[in-house]
Amino acid sequence: MALSLAPMAASAADATADFSIAANPNGVWTYGSLSAVSDTSLTVFTVANSSPAAPGPSGSIDFWQATGGDGPSVGKAGSSGWKCCGTVDVGANTLTLHPGNGTENYAVIQYTALVSGAFRFSGSFFGQNTVAGSTDVHVLQGGAAIWSANLIGPLAAAQSFMGTVN
């Protein structure tokens, strides 16, 4: 997943480049989860984790989640990428959102504008599961989807988005 936002007449924010395992919120970015697309109450992740590659000796990923276990998470693979469980292959320096299996189903990267005005946004979502899987992805503004897509099948093709919000 890649995401960037830029005020119409100022510098850009880049969710991938700005990712931090040191703090959440992290500047304009907050990592958390929602129970539904229409939910406006973000559960902020409080647990920072790192995971080595499995199986294999190389790769790692830093990620945020609400609790340990298989809940939703937001993370970034290291410079060697990350492989897990024989089914997930995350490229080097790639931001990843993992859905949950319970009441908090949607992993979220929230951008909070520091100034008012119009902002351009762009990015893409793509599948990282090498065997199977599908998920829905959304760009939200105030609890309403302004862009949605489905990622279907192994290594689902990228779904790109762009637009302007106020």
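**Close-up views of a predicted model**

**View 1. Thr96 and the residues around it.** Leaving aside residues up to four places away in sequence, Thr96 touches Ile61, Ser73, Val74, Gly75, Lys76 and Gln128 (contact means heavy atoms within 4.5 Å). You'll find Thr96 in strand 10; strands (E, at least two residues) are DSSP runs, numbered from the N terminus. Is Thr96 buried or exposed? Thr96 counts as buried because its relative accessibility is 12%, and the cut-offs are under 20% relative accessible area for buried, over 50% for exposed and partly exposed in between, with a 1.4 Å probe and protein chains only. The side chain of Thr96 also makes a polar contact with the side chain of Gln128, at 2.8 Å. That term stands for a pair of N or O atoms within 3.5 Å; within protein, one must be able to donate a hydrogen and the other to accept it, and residues adjacent in sequence count only if both atoms are side-chain atoms.

A quick note on the model: it is predicted, so local features need pLDDT of at least 70 and side-chain atom pairs count only at pLDDT 80 or more, while totals for chains, interfaces and linings use all residues. Residues are numbered from 1 along each chain as its sequence is written, and side-chain values use heavy atoms, with hydrogens and water left out.

**View 2. The open sheet 5-6-7-10.** Here 4 strands line up in the order 5-6-7-10, with antiparallel pairing (two strands pair if DSSP finds at least two bridges between them). Strand 5 (47–52) and strand 10 (95–98) are the edge strands, each pairing on one side only. Strand 5 meets strand 6 (residues 60–65) through 6 bridges, in the antiparallel sense. Which residue of strand 6 is the bridge partner of Ala48? It's Trp64.

View 3. Strand 3 (residues 29–34) is joined to strand 11 by 6 bridges, and Gly32 has Val108 as its bridge partner in strand 11.

**View 4. The nonpolar cores.** The largest nonpolar core has 12 residues, including Phe19, Trp29, Tyr31, Trp64, Val74 and Ile109. Strand 3 and strand 11 each supply at least two residues of this core. Another core, of 11 residues, lies apart from it, with Phe121, Ala149, Leu151 and Val165 among them. Such a core is a set of buried Ala, Val, Leu, Ile, Met, Phe, Trp, Tyr and Cys residues joined through side-chain atoms within 4.5 Å.
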